[in-house]
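Please look over the two-chain model shown here, with attention to how its chains are arranged and where they meet.

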Number of protein chains: 2
Amino acid sequence: MNSPPLLQQLITALRCLPGVGAKSGQRMAYHLLERDRDGARHLARVLAEAMDRIGHCSRCRTLSETELCSLCANPQRDASQLCIVETPADQAIIEQAIDYRGNYYVLGGHLSPLDGIGPKEIGLEQLDQRLAEGEVKEIILATNPTVEGEATAQYIHDMARARQIKTTRIAQGVPMGGELEYVDGATLAHAFRGRSEI
Amino acid sequence: MNSPPLLQQLITALRCLPGVGAKSGQRMAYHLLERDRDGARHLARVLAEAMDRIGHCSRCRTLSETELCSLCANPQRDASQLCIVETPADQAIIEQAIDYRGNYYVLGGHLSPLDGIGPKEIGLEQLDQRLAEGEVKEIILATNPTVEGEATAQYIHDMARARQIKTTRIAQGVPMGGELEYVDGATLAHAFRGRSEI
């Protein structure tokens, strides 16, 4: 079809969104043009502003509009606990789900030597400086339970041990509400090894 | 979580996209901010430009950047056939799928008196003027096979009959590759009524 070139550009541009392909991009473009031009204009404005104004917190590296994010700037948070996560999304999930009052440190990824991602790329030099300040008494490792996440956790554990700081790892086991039948073997093995007395 | 307000605004703004809710909006926002800021900036630009510059073709009412869309402006198209569709997306699907060489007329919806959508709102006055020009010899009704789409097709059929213009309706029956077992009764009834000799 001889689509207006701009319409084709819009469909292509929408594919930068995760999970959006040619078909859903087309559906979105037509929907916005036919039904919600105001919403689309608003989205365009917010999108441009967010990309320009949201940077990273200089202390914990999470996404932040300000030099220091609201959590790092909050004196009510317990500075002796530092939870290490891979992404700002992981941090958001923990904040939403549980009553944790300590601080965070966001790696922005995990160690992956084959991709050229070493300790420096995920901010471990800066983390080491922070540990040197002496305020942190416990590091809670909440990296993903993947091979890379485990390797990253182990690396940080070694760093912390060199400074005599306690490190803990979030528990791995069968998820709440799950059925044993559908749990994979690795998770089940973890759950058995991590069993506790009742 | 004390998210940056701009991040929350972005998540909310993304929900103007069809099929995007709180969870997927959050996932999209984090993805763009962490991995594809350039793509997001490009999307913001194209989105704003598309909403401002894409209007409707003055002749067939489809989405177009120009006063007359490329199909209406093309003298190679057969002006004696006019295919009536509900949306620009329907038009695009027909153009992509089959070798139709006539023109289109895009209603932008269907008759729906309860929602205040009458003949005028879906451009039937303008269509009647076009039929009065005498160039159109066949109207191909390709509105959706829904109650509203059928009612709209019937209305246009009556308009065309008043001007002695032939109208046809695209065939309804079992879809190619479908299995009879999973076809609904109404479709099956249509398929039986519309059976042809082999």
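The report below covers the domains, the contact between the chains, their symmetry and the salt bridges.

This is a predicted model, in which local features need pLDDT of at least 70 and side-chain atom pairs count only at pLDDT 80 or more, while totals for chains, interfaces and linings use all residues. Residues are numbered from 1 along each chain as its sequence is written, chains are lettered from A and ligands numbered from 1 in the order in which they are written, and side-chain values use heavy atoms, with hydrogens and water left out.

In chain A, the domain assignment gives domain 1 (10–53) and domain 2 (78–169), the bounds coming from an automatic or database domain assignment. The centres of these two domains of chain A, taken over C-alpha atoms, are separated by 34 Å.

Between the chains, 53 residues of chain B are in contact with 53 residues of chain A, contact meaning heavy atoms within 4.5 Å. The interface can be summarised as follows.

| Chain B with chain A | Value |
|---|---|
| Buried area | about 5,200 Å² |
| Share of that area from carbon and sulfur atoms | 70% |
| Salt bridges | 2 salt bridges |
| Polar contacts, both residues at pLDDT 80 or more | 12 residue pairs |

Here buried area is the accessible area (1.4 Å probe) that two parts lose on being put together, summed over both; a salt bridge is a side-chain nitrogen of Lys or Arg within 4 Å of a carboxyl oxygen of Asp or Glu. A polar contact is a pair of N or O atoms within 3.5 Å; within protein, one must be able to donate a hydrogen and the other to accept it, and residues adjacent in sequence count only if both atoms are side-chain atoms.

Helix 3 of chain B gives the most to the side of chain B that touches chain A, with 15 residues; helices (H or I, at least four residues) are DSSP runs, numbered from the N terminus.

A rotation of 180° with 0.0 Å of shift along its axis superposes chain B on chain A (RMSD 0.0 Å), by least squares on the C-alpha atoms of residues with pLDDT of at least 70 in both. The two copies are thus related as by a two-fold rotation axis, and in chain B the C-alpha nearest the axis is that of A44(B), 2.1 Å from it. Because 100% of the interface residues of chain B are also interface residues in chain A, the copies meet through the same surface.

Over all chains, the whole structure holds 20 salt bridges. Within chain A, R53(A) forms a salt bridge with E65(A), the closest N and O atoms being 2.6 Å apart.

Notes. Helix = DSSP H or I, 4+ residues; strand = E, 2+ residues; numbered from the N terminus.
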